[in-house]
Amino acid sequence: MGSSVESSAPMGKGFPVDALPEDIDTLFIMCTGSGISPVRALVESGALAKFSAVHLFHGVQDSAEGAYAAKHAEWEKAAPGLSVHQVCSKPEGMFALVLRT
């Protein structure tokens, strides 16, 4: 509570984590769908090791659709401080209501 969060627009030139100020120790990464692919490269490169906590939020429609979901536990084990959070917009057991006029 009371802390500020800085964010940036999506960028197409990679993840310049080395350009971040030295006093940043917690990083939040958010992506949806296939946007996890470039994040996978970032995670597996080891570039996040300098942060004490990294929270990766991956938005998918349901848990069955999560690309690389089988790798999440492996990533967390290999990168201390990394927590992967899968966020589902249509969780299993929910239904969509379609109205036609």
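This briefing covers the sheet, the helices and the nonpolar core of the structure above. The model is predicted. Three strands form an open, parallel sheet in the order 1-2-3. Helix 1 lies across strand 1, strand 2 and strand 3. The largest nonpolar core has 15 residues.

**Sheet**

- The three strands pair in parallel, in the order 1-2-3. Strand 1 (26-32) and strand 3 (82-88) are the edge strands, because each has a single partner strand. One side of each is therefore left without a neighbour in the sheet.
- From one strand to the next, the twist averages 15°.
- Strand 1 and strand 2 are joined by seven bridges in the parallel sense. In this pairing, Thr-26 stands opposite Ala-53 of strand 2.
- Strand 2 (residues 53-60) also runs parallel to strand 3, with seven bridges between them. Gly-59 has Val-87 of strand 3 as its bridge partner.

**Helix 1**

- Helix 1 spans residues 36-45 and runs at about 150° to strand 1.
- Strand 1, helix 1 and strand 2 together make a right-handed β-α-β unit.
- Which residues of helix 1 are buried? They include Ile-36, Val-39, Leu-42 and Val-43. These four lie on the same side of helix 1, because they cover an arc of only 110° around the axis.
- An α-helix has 3.6 residues a turn, so residues three or four places apart point the same way.
- The buried residues of helix 1 are covered by elements including strand 1, strand 2, helix 2 and strand 3.
- Pro-38 is also in helix 1. Pro-38 is partly exposed, because its relative accessible area is 44%. Pro-38 and Phe-15 are 23 residues apart in sequence, with a C-alpha to C-alpha distance of 9.0 Å.
- Just after helix 1, Gly-46 has a positive phi of about 85°.

**Nonpolar core**

- Nonpolar side chains tend to be buried together in soluble globular proteins.
- Of the 15 residues in the largest nonpolar core, Ile-29, Leu-48 and Leu-56 touch the most other members.
- Strand 1, helix 1, strand 2 and strand 3 each give two or more residues to this core. Helix 1 gives the most, with four residues.
- What does Ile-29 contact, leaving aside neighbours within four places in sequence? The contacts are Val-39, Leu-42, Leu-48, Val-54, His-55, Leu-56 and Phe-57. Val-39 and Leu-42 are among the buried residues of helix 1. Leu-48 and Leu-56 are named with Ile-29 as touching the most other core members.

**His-72 in helix 2**

- His-72 is in helix 2, which covers residues 72-78.
- Is His-72 buried or exposed? His-72 is buried, because its relative accessible area is 10%, and buried means under 20%.
- Beyond its neighbours within four places in sequence, His-72 is in contact with His-58, Ala-67, Val-84 and Gln-86.

Note on methods:
Residues are numbered from 1 along each chain as its sequence is written. This is a predicted model: local features need pLDDT of at least 70, side-chain atom pairs count only at pLDDT 80 or more; totals for chains, interfaces and linings use all residues. Side-chain values use heavy atoms; hydrogens and water are left out. Buried means under 20% relative accessible area, exposed over 50%, partly exposed in between (1.4 Å probe, protein chains only). Contact means heavy atoms within 4.5 Å. Two strands pair if DSSP finds at least two bridges between them. Axes are lines fitted to C-alpha atoms, for helices over the stretch in contact, and angles run from 0 to 180 degrees between N-to-C directions. A nonpolar core is a set of buried Ala, Val, Leu, Ile, Met, Phe, Trp, Tyr and Cys residues joined through side-chain atoms within 4.5 Å. The arc is that of the directions from the helix axis to the C-beta atoms. A crossover is right-handed if, with the strands pointing away from the viewer, the path from the first strand over the helix to the second runs clockwise.
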